[in-house]
Amino acid sequence: MSDMSAQESELFKNQGKPVGITVRGLTMDLYGRRLLDHVDLDIAPGKINGLAGESGSGKSLTSMTVLGLPPEGAKITGSILYDGKTELLGMKEHERNTYRGRRISMVFQDPTSSMHPMLSIERQLTDGMRYHLHLNRKQARKRAIELLKLVQVPDPENALDRFPHQFSGGQLQRIAIATALSCDSRVLIADEPTTALDVTVQAGILHLLKDLNEQLGLTIVLVTHDLGVMSALADTIAVMRSGKIVEVGPRYDIINHPKHPYTIDLINSLPTRIEQRLEAEGKTMASAEEDL
Amino acid sequence: MGGSVIDRDKDKNVKPLDFRTAADIRSGLHLRDIVVDYTMGGRTVHAVRGVDLDVAPGEVVGLVGESGCGKSTLAKVICGLVEPVAGTAVYDDTPITPLKFRSRPMELRRIQMVFQNPYASLNPRRTVRSQIEEARAISPVPVPSVEELLASVELDASDADKLPHQFSGGQRQRIAIARAMATTPTLLIGDEPIASLDASLQAKTAILMKKAAARSDASLLFISHDLSIVRLIATRIVVMNKGQVVETGPTEEIWNHPREEYTKNLLDAIPVPDGLGHLPAYHGEN
């Protein structure tokens, strides 16, 4: 964090220690179909916890359930423990509201569609603070400016009075991250946070997430199918497929020594791996075309 | 673009041109000083600002750049879907004219495109067979059967009588590729054809598209923002930024020794999946 380090910020003075979440046997049935099947997931405090998988694997469903937004009518069993002591599953809705957005927050894939196009950035950024932290408009605005400095949005005062369409995708994603952190959340779920962004912009968001994790002790759940992003950021990686966790391990081991056949397939489909394989066999792309 | 065959009956009287005599009578694609402006609400956006681009017969060219750099607009110019403000576009000595109400000239039907979103580019109410048959009908040379075409993209013959919704995204994209190949194109354009696919299918689909093009001697213009995949299949890479070509050269040269700062930054920003936890370099947004 270049000009504004988190330590200087008033924002995170009363943060306390990092918080983890323990998911055990999380099972979800909807319309007679099993969508999640005994998912065990340790979201380690102060770490970047990777959750990898392809579309339909249940990775977003798992994170939405941890956040407290499962699909309507879903039958859910298992346990989601916040900080080792508070059971989130089966909690009354008004109580759940003191966690959602207040202790656990989420950043979505496409910032242009996760923001209301007709509300100013100030309104969207301060909504949560006014509800959860009972701040008045002036206090909330002051805090919003600090938050925007934290995520390095240039000219924060001015930015608050503008609307989503006036920002680039990268800037909007920074604002979305600021919004997620506005009520001192200790756990941030980032669901494909860079998939909709260009690589150069993606690099900036990855740096920001890493900074927030290191300097605030923020626990991050990084949900993505992009193993390059995973390899750059995650401390541990859990691989999901068809509603099950197939393999969990430290980042290096999962990327370089995967054990489950599905993980091996996933790693082998990386362009760099295809190339290495060809090189090892002394082939070029042109000569190896038929075996690929 | 199997859809552009509204009055194909009319063309039946026309003697089919013999396109396939030899590669050397084909001269490929030549774009010179192409300029495209979009006007929106009184404001003009310069999408493409004077681009030269050549694709030789049989060549595989990767066109890379970030969103808004003009790469898709350029693809639309080549297909005649967008009219340039200035510049010339010629394919195999035929000037590329913007598509109006008439069907495209026979020569230009040899340019086919595969779009980003396979959910939107296939007709949901028609079987795979009927969509591929329609494309086969405009081919001036004998084409393999629907089943053979499907086999060439690793789909089953029995898939021919299914509807698009019965397939996954990756399978649909392969159907779109088979449909494009059914016209025996001499230039195949992929406009981000892998961007909406799962990670494990991206490299596979790109390679499949290259193979399909190579099998029928077609050139391939592969447009993508993903340099690591483009590197796998392209022989030459063209880098675009802000409506202009910033650098072009053989793939390995661009990848290992980029000359332009912009290309260097683009390559530096790609995260390397080595499990070591290095963040890619960040040089600010441009």
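A nonpolar core is taken here as a set of buried Ala, Val, Leu, Ile, Met, Phe, Trp, Tyr and Cys residues joined through C-beta atoms within 7 Å. In this predicted model, the largest such core has 157 residues. The residues with the most contacts inside this core are A:Ile189, A:Leu222, B:Ile78, B:Ile177 and B:Phe222. Helix α8 of chain A (residues 199-216) gives the most to the core, with 9 residues. For B:Phe222, contacts beyond the neighbours within four places in sequence are made with B:Val60, B:Gly62, B:Leu63, B:Gly190, B:Ala206, B:Val230, B:Ile233 and B:Ala234.

The contact between the chains takes 36 residues from chain A and 34 residues from chain B. On the side of chain B that touches chain A, at least two residues each are supplied by α7 (199-215), α8 (227-233) and α10 (261-268) of chain B. Helix α7(B) accounts for the largest share of that side, 6 residues. By residue class, the side of chain B that touches chain A consists of 17 nonpolar, 10 polar and 7 charged residues.

Chain B contains an open sheet of 6 strands in the order β6-β7-β8-β3-β9-β10, with mixed pairing. Strands β6 (111-114) and β10 (244-250) of chain B stand at the edges; each has a single partner strand, so one side of each is left without a neighbour in the sheet. On average, and with direction ignored, neighbouring strands of this sheet are turned by 20° against each other. Within the sheet, β7(B) (residues 187-191) and β8(B) (residues 219-224) pair in the parallel sense over 5 bridges. In this pairing, B:Asp191 has B:Ile223 of β8(B) as its bridge partner.

Two helices of chain B lie across strands of this chain. Helix α2(B) (residues 71-78) lies across β3 (60-64), β6, β7, β8 and β9 (236-241) of chain B, and runs at about 150° to β7(B). Helix α7(B) lies across β3, β6, β7 and β8 of chain B, and runs at about 160° to β8(B). The loop between α7 and β8 of chain B holds B:Asp217. This residue has a positive phi of about 60° although it is not a glycine. B:Asp217 counts as partly exposed because 14 other C-beta atoms lie within 10 Å, whereas 20 or more would be needed for a buried residue.

Helix packing in chain B includes the pair α4(B) (residues 128-137) and α6(B) (residues 169-181), whose axes are 7 Å apart and meet at an angle of about 30°. The two helices are therefore roughly parallel, the cut-off for this class being under 35 degrees. Helix α4(B) contributes B:Val128, B:Gln131, B:Ile132 and B:Ala135 to the contact, and α6(B) contributes B:Ile175, B:Ala178 and B:Arg179. These residues divide into 5 nonpolar, 1 polar and 1 charged.

In chain A, helix α4(A) (residues 121-132) has A:Ile121, A:Gln124, A:Leu125, A:Thr126, A:Gly128 and A:Met129 as its buried residues. An α-helix has 3.6 residues a turn, so residues three or four places apart point the same way. The buried residues of α4(A) pack against α5 (137-150), α6 (156-160) and α7 (169-180) of chain A. Following α4(A) is A:His134, with a positive phi near 55°.

A positive phi is also found at A:Asp184, where the value is about 60° although the residue is not a glycine. A:Asp184 lies in the loop between α7 and β7 (187-191) of chain A. With 18 C-beta neighbours inside 10 Å, A:Asp184 is classed as partly exposed.

Strand pairing in chain A includes β1(A) (residues 21-30) and β4(A) (residues 75-82), which pair in the antiparallel sense over 7 bridges. The bridge partner of A:Thr22 in β4(A) is A:Leu81. Strand β4(A) also pairs in the antiparallel sense with β5(A) (residues 86-87), over 2 bridges. Here A:Leu81 stands opposite A:Glu87 of β5(A). Strands β4(A) and β5(A) form a hairpin with 3 residues between them. In the turn, A:Asp83 has a positive phi of about 55°.

Technical notes: Residues numbered from 1 in each chain as written. Chains lettered and ligands numbered in written order. Predicted model: local features only at pLDDT ≥ 70, side-chain atom pairs only at ≥ 80, totals over all residues. Contact = placed C-beta atoms within 7 Å. Helix = DSSP H or I, 4+ residues; strand = E, 2+ residues; numbered from the N terminus. Nonpolar A, V, L, I, M, F, W, Y, C, P; charged D, E, K, R; others polar. Pairing = 2+ DSSP bridges. Buried ≥ 20, exposed ≤ 12 C-beta atoms within 10 Å, placed from the backbone. Axes fitted to C-alpha atoms, helices over the stretch in contact; angles between N-to-C directions. Parallel < 35°, antiparallel > 145°, perpendicular 65-115°, else oblique.
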